[in-house]
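Here is a friendly tour of the salt bridges in this model. Have the sequence and the 3D view open as you read.

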Amino acid sequence: MRDRFAGSMATVAIAAATVIAAIWAPVMSITPASAQVALKTPWGEPDLQGIWTDEFDTPLQRPAKYAAQEFFTAAQREELDKQRGALYGDDPRQERGTAVDVGGAYNTAFLTIKHVGARTSLVVDPPDGRIPPQTPEAQRAAAADREFRLALLQSTDACKNKEPACAGGKYDPTPSPRFAEPPPRYHTGNFVRLNRSDGPEDDGLADRCLHSGLPEFGSFFGGSFRRIVQTHGGIAIFYDMNQGQGWQRNIVMNGSPHLPASVRQWFGDSRGHWEGNTLVVDVTNFSPKTDVFGSRENLHLTERWTRTGPKTLAYEVTIEDPTVWTKAWTARQEFTRQSDEENRIYYEPRCIEGNYGLPGLLHGRRVEERAFAEGRGPDPRTKDSVGGVLSVQQDPLQ
């Protein structure tokens, strides 16, 4: 899916100026509510159909440097574009050939980098642009997850060299006795792997061609699109994101109640209705295997989708979970419609390499363990397998 800017990928071979030129995109104007266009389907409902994407990069939470600003100035956006163009054009990585570099697997050639958006954060409420503090219960659960992950890393070069992957951890050459333990709760880290391969769940969700679910705010890895299709009795949204972790979502529009509380789904249960020209969707019944910024089965979303013009769509979602956050919070995105003509032939992406590769990953670790037991190689527990793309960690928008 294209038609969003001339070029989207920054490669290691191009200079910073070329990166900036390659990601050029027009500035979108947000249409005031009073000027909204009421486009209709043939049967009289507001028409949200089409292929949509957010054409700008906006941090989820407002960076501390811009604490008092809801919007960037034009000069700030220009400067950030220059900084990011140089950063991703240079493609900074860990030292070539190191275990942590190989563990990262990707460089900036795999990323979709866009111009900086007008807003300093997707979060619009609270007014400071920050996700509210977590409850003590949620903080304890997150700390237990982090402690377990760092324990498994303690004897690796990542901790020895104080790599970002081991931030908060401490190096100890002796492998942790916790390697035999199950995680404190179901491991859901999207791009976070445990430093072992005892089972498929030790790898991040993306490695297994999965995604953590709604709400979906996009990714550097392949961007993010949604195709909305409406019928008389329902609405379907196909999400094309990351590197093939796409998924289908159906919104029930017949006024029926949510599924019983005992029925849990990866992307929740969506029930929608119209309020004027706005589609309002109530989403509950999430699986405890999902993880949205720390929220799992108690996650509750209220989404609002409003067509604001022939090629613009506003999305707002209020996110609440009293077991995780001290108050509800709201994020907002503005989408631009993509060309139906240029996307008339669309080969639906599917992430399959993780499914095919997992048996090899598990078998490979067993071979390493056997070789170590026979004195023919290093202890695999001391080999880092978490990695990361360093340039993303250094992005001034993060």
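Glu216 and Arg226 pair their side chains in a salt bridge, with N to O at 3.1 Å. Because Glu216 sits in the loop between H5 and E3 and Arg226 in strand E3, this pair ties together parts that are 10 residues apart in sequence. A salt bridge here is a side-chain nitrogen of Lys or Arg within 4 Å of a carboxyl oxygen of Asp or Glu, and by this rule the count comes to 23.

The model is predicted: local features need pLDDT of at least 70, side-chain atom pairs count only at pLDDT 80 or more, and totals for chains, interfaces and linings use all residues. Residues are numbered from 1 along each chain as its sequence is written, and side-chain values use heavy atoms, leaving out hydrogens and water.

**Burial of the opening pair**
- Glu216 is buried, at 3% relative accessibility, and Arg226 is buried as well, at 2%.
- Buried means under 20% relative accessible area, exposed over 50%, and partly exposed in between (1.4 Å probe, protein chains only).

- Asp145 forms a salt bridge with Arg185, and their closest N and O atoms are 2.6 Å apart.
- Asp145 belongs to helix H4 (residues 136–153) and Arg185 to the loop between helix H5 (157–160) and strand E3 (224–230), so the pair ties together parts that are 40 residues apart in sequence.
- Helices (H or I, at least four residues) and strands (E, at least two) are DSSP runs, numbered from the N terminus.
- Arg185 is partly exposed, at 25% relative accessibility.

**A salt-bridge network**
- Arg196 and Asp202 meet through their side chains in a salt bridge of 2.9 Å, N to O, and both residues are buried.
- A network of salt bridges links Arg196, Asp198, Asp202, Arg366 and Glu369.
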